[in-house]
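Reader: Hi! I'm new to this one. Could you walk me through it?

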Amino acid sequence: MKDTKRTILTGVKPTGIPHVGNLFGAIRPAIELGADYLFIADYHALTTVKDAKTMRGLVKELACAWLACGLDPKRTVFYKQSDVSEIFEIFTIVQNITPKGELDRSHAYKAAMDEGQSINMGLYNYPILMSADILAFDTTHVPVGKDQEQHLENAKHIARAFNAIYGQTFTVPESLIEKSVATIPGLDGRKMSKSYGNQIPLFAPANELKKHIMRITTDSSLPSEPKPTDHVLFQLYSLFATKQETDTMAKRFLVGIGWGDVKKELYEVANRELTPMREKFDYYMANYAEVEKILSEGAGRARKKAQATLERVKIAVGI
């Protein structure tokens with residue numbers, strides 16, 4: 001019925017311009033994995049984003065960011081979820097065999113209930129749409145963190161239930177557990193996060209990048225005193241520097257180095273790494289028609305595959 005090669009799919013919600021933690025914790029690992037399909041989950045974002053201008057801006061920034069960071073649209077089918085209507089037809093069909101109890105157990109739904117949030121049906125049905133995202137492409141593997149496996153379990157349950165009722169139709173996807181990624185520290189040493197306000201924006205101009213780095217919290221130790229290599233400055237330096245540069249810096253930490261010197265050298269290696277990405281991001285933002293063409297071509301490729309899946313599903317249910 002289908003080929004047996006591994007097909008990897010992942011999606012990303014548009015939440016704003018990424019920061020350095022996103023680059024090393026999510027974007028690069030996904031690109032290096034070589035996903036077959038990567039989509040911008042704009043319909044999923046509707047659960048929280050309620051302004052059209054904001055939505056368009058978030059999608060634009062996310063698309064430009066991933067391309068600037070090295071995503072190859074020739075290798076990976078890159079598209080907006082909203083451009084593949086077949087996903088939503090599959091969603092409509094499979095919701096009819098999805099038990100309510102399964103949705104009641106969704107972590108996102110339960111967390112929103114516990115926090116007393118107003119629940120919309122988009123949030124409640126989120127697991128079904130996510131399952132349709134996956135099942136539409138005969139996905140065999142979905143990258144997930146160890147704390148995110150429930151997201152994939154829903155797709156597995158729906159695929160198995162549908163196959164049990166209508167015969168072998170859907171590929172049952174498997175988890176592709178992502179390698180543990182070290183927590184990327186922010187300016188204050190805590191995990192880099194927009195919610196903490198301790199992030200280093202990925203595409204900040206050079207002078208802003210320097211200002212952020214100079215704000216990194218340090219102690220009052222003298223330049224001649226040894227410094228711990230678990231400090232945020234060393235951890236960030238090691239992300240941007242070569243192995244030889246990192247080894248040299250480790251020795252300097254051991255014998256003593258001034259925090260100001262570390263910040264200066266961190267800025268130099270970070271700016272060296274980020275400048276090409278910053279330039280690409282600025283280019284794509286200024287020439288967004290090129291990005292829209294990439295997304296449109298990706299949607300065309302995605303729809304061709306999703307159409308075949310939808311046709312198989314409709315035949316199975318007698319529609």
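**Cysteines and the sheet**

Reader: How many disulfides does the count come to?

Author: Zero disulfides, taking a disulfide as a pair of cysteine sulfur atoms within 2.5 Å. Keep in mind that this is a predicted model: local features need pLDDT of at least 70, side-chain atom pairs count only at pLDDT 80 or more, and totals for chains, interfaces and linings use all residues. Residues are numbered from 1 along each chain as its sequence is written, and side-chain values use heavy atoms, leaving out hydrogens and water.

Reader: Is Cys64 buried or exposed?

Author: Cys64 is buried, at 0% relative accessibility. Buried means under 20% relative accessible area, exposed over 50%, and partly exposed in between (1.4 Å probe, protein chains only). Cys69 is buried too, with 11%.

Reader: Switching topic: what order do the strands of the open sheet have?

Author: The order is β1-β2-β3, with parallel pairing. Strands here are DSSP runs of E, at least two residues, and helices are runs of H or I, at least four, numbered from the N terminus; two strands pair if DSSP finds at least two bridges between them. The edge strands are β1 (9-12) and β3 (77-80).

Reader: And how many bridges join β1 to β2?

Author: Four bridges, with β2 covering residues 37-40. In β2, Tyr37 is the bridge partner of Leu9.
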